[in-house]
Amino acid sequence: MTTADTAPADVVLRGEVVTPTEVLPDGVVVLADGRIAWVGPAAQLPARWADDLPPVPAPGTTLLPGLVDVHDHGGGGASFPDATTREEALVAAREHLRHGTTSLVASLVTAPRDVLLARAALLADLVESGDLAGIHAEGPFLSADRCGAQNPADMLAGDAQLVTDLARAARGHLVTMTIAPEVPGVADGGEGADDVVAALVRAGAVPSVGHTDAASEQVDAAVARSRALLAGGRRGTAAGGGAGRGRSPRPTATHLFNGMRPLHHRDPGPIAACLAAAARGDLVVELVADGTHLADGTVRAVFDLVGPDAIALVTDAMAAAGMADGDYQLGPMSVRVGDGVARLRNEDGTAGAIAGGTAHLLDVVRSVVRAGVGIVAAVRSAATTPAEVLGRPDLGALAVGRRADVVVTDADLACVAVYRGGALISA
């Protein structure tokens, strides 16, 4: 049980409460002045809120922290990489907010320099208005051999100046960038080397290994270099206010398994290196555990190997999230969604590589729980750990003092209501 000395609550919520360590079978979360004021068993609710205690809710009513998605390209028919107006980008942000993602990082895809800078500037406006939690650049320093649904023609060798320009356009809100360590100029190492990894940390962003064909040794070196630079950067202040924000001291891996050389016992590649680094506590791995990108057994194995504190569940969602099957865009790439699965549309009309996700993050949590992972671990990976990646200790858990972000679900983990900062967003 936890408490805080606050004014009487604005909202008293009751149900099975998922805390960072346990589930309270009959718990209460009190929201006051935009913060969580009290969390604990209903039987121990302080007297000042007793008159506001709701009756026992329907069986299975569950209270989760607001979810935190650090890799999302769009939803509701709108795409962050293709948005040219604030209104278009807001459609995607609000689609996920209504479904329980109270903190959303907007992801770009590989694109020409002028497009990246323009999109970063547009999305920075939404971060500053509170509609987004940051910006993620998925490229352009990626492996053309592992491009997935991205355009290999726009991929570049490492360019530290482009990183600096992109971070400046994002006005300090670039939080992560996906990089392939084997690409020249990305993680060349050496004390004082001005490669992409160094430029990212200097700008206050977290390097994320992904879309890579690297050998394990190359990933090991990039993770070690990123870890060392992040540790130093957290003590300093970057131009544009980046590193002083204290983002994650650990780099990340962009959608582990997807867009990477497969694991082989004589050629372990990036997957083995990322898993080992995560198990050591040196890396956070993203998982698109939506039932399409990964098998249930793979998801369970990663949770068993590295634990929820080293996993960030993400959607990798694109414009079709929350929408019907049909044709969509992801940057310059044409995508066809059939039976809820997004794939590149080849010139001959056939389906190509998986092209992002169509789920909301709450759907991912549900999929992970159905795969056999406990709900406490699933929620830690969908809220607490990604909040730590962002360096946001005010988010990601039902704990006193954190922002009053709560998702109310039914027994099937379907969304019933969403509160953000104590305000009811949808019901």
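Begin by selecting helix H9, where a kink of about 40 degrees is centred on Ser 381, the bend at a residue being the angle between axes fitted to the seven residues ending there and the seven starting there. The model is a predicted one, in which local features need pLDDT of at least 70 and side-chain atom pairs count only at pLDDT 80 or more, while totals for chains, interfaces and linings use all residues. Residues are numbered from 1 along each chain as its sequence is written, and side-chain values use heavy atoms, with hydrogens and water left out.

Keep H9 selected, as residues 375-390: its 16 residues reach 22 Å from first C-alpha to last, close to the 22 Å expected at 1.5 Å a residue, a span taken as 1.5 Å times one less than the number of residues. Helices here are DSSP runs (H or I, at least four residues), as are strands (E, at least two), numbered from the N terminus. Because 14 of the 16 residues of H9 are buried, the helix is largely enclosed by the rest of the structure; buried means under 20% relative accessible area, with a 1.4 Å probe and protein chains only.

Next, select Phe 80, Leu 132, Leu 174 and Met 177, which touch the most other members among the 44 residues of the largest nonpolar core, a set of buried Ala, Val, Leu, Ile, Met, Phe, Trp, Tyr and Cys residues joined through side-chain atoms within 4.5 Å. Finish on helix H2 (113-128), one of the elements that each supply at least two residues of this core; H2 gives the largest share, eight residues.

Methods. Buried < 20%, exposed > 50% of the residue type's maximum accessible area, 1.4 Å probe, protein only.
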